[in-house]
Amino acid sequence: MLTELPEFDMPADEQVHLAAESFRMLADPTRIKVLWALLQGESSVACLAELAGAAPTAVSQHLAKLRLAGLVRGRREGTFVYYSAANDHVRNLLSQALFHADHVDRDISADASASHAHRPSRAKRAQ
């Protein structure tokens, strides 16, 4: 049984719940595009909508959910709100998810390469 292993460890239920909530927030292509854009720097809803290929109202709703989940934060300047990724944990989480997706897409074994951050090719960035 696994629990008999000396190094065996399970996360606390609250930690599991919060991690699942973060994954749930990332389970949408528009949110992933928006977060990736925000990892490049602070941006407005209008700019993010253009980059993600979505309506500004939809992007605004996605940002509200991402903010509540602690993945983005907003900074008000007059009547505008500028968004940014909450912290480097978001970068690591999204980079690893994209890295994994790239390996699944290209059928690359996890053992075949060293762990590294994902950087989409220029062709993929333009999409």
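The legends below describe an overview and several close-up views of a predicted model.

In this predicted model, local features need pLDDT of at least 70 and side-chain atom pairs count only at pLDDT 80 or more, whereas totals for chains, interfaces and linings use all residues. Residues are numbered from 1 along each chain as its sequence is written, and side-chain values use heavy atoms, with hydrogens and water left out.

**View 1. Overview of the chain and its secondary structure.** The chain holds six helices and three strands, which follow the pattern α-α-β-α-α-β-β-α-α along the sequence; helices (H or I, at least four residues) and strands (E, at least two) are DSSP runs, numbered from the N terminus. Of the 127 residues, 28% are buried, where buried means under 20% relative accessible area, exposed over 50% and partly exposed in between (1.4 Å probe, protein chains only).

**View 2. The largest nonpolar core.** A nonpolar core is a set of buried Ala, Val, Leu, Ile, Met, Phe, Trp, Tyr and Cys residues joined through side-chain atoms within 4.5 Å. The largest such core has 22 residues, of which Val34, Leu35 and Leu63 touch the most other members. At least two residues of this core come from each of α2 (29-40), α3 (45-52), α4 (56-68), β3 (80-85) and α5 (88-105), and α2 gives the most, with six residues.

**View 3. Surroundings of Leu35.** When residues up to four places away in sequence are not counted, Leu35 touches Leu26, Leu66, Leu71, Val72, Val90 and Leu94; contact means heavy atoms within 4.5 Å.

**View 4. Ser84 in strand β3.** Ser84 lies in strand β3 and counts as buried because its relative accessible area is 18%. Leaving out residues up to four places away in sequence, Ser84 touches Leu38, Glu42, Val72 and Arg73.

**View 5. The aromatic pair of Phe80 and Tyr82.** Rings of Phe, Tyr and Trp (its six-membered ring) pair if their centres lie within 6.5 Å, and planes under 30 degrees apart count as stacked, over 60 as edge-to-face and the rest as tilted. By this rule the count comes to one aromatic pair. Phe80 and Tyr82 form this tilted pair, at 6.4 Å centre to centre and with 35° between the planes. Tyr82 is partly exposed, with a relative accessible area of 23%.

**View 6. Met10 in the segment before α1.** Met10 is placed in the segment before α1 (13-25), and Met10 counts as exposed because its relative accessibility is 60%.
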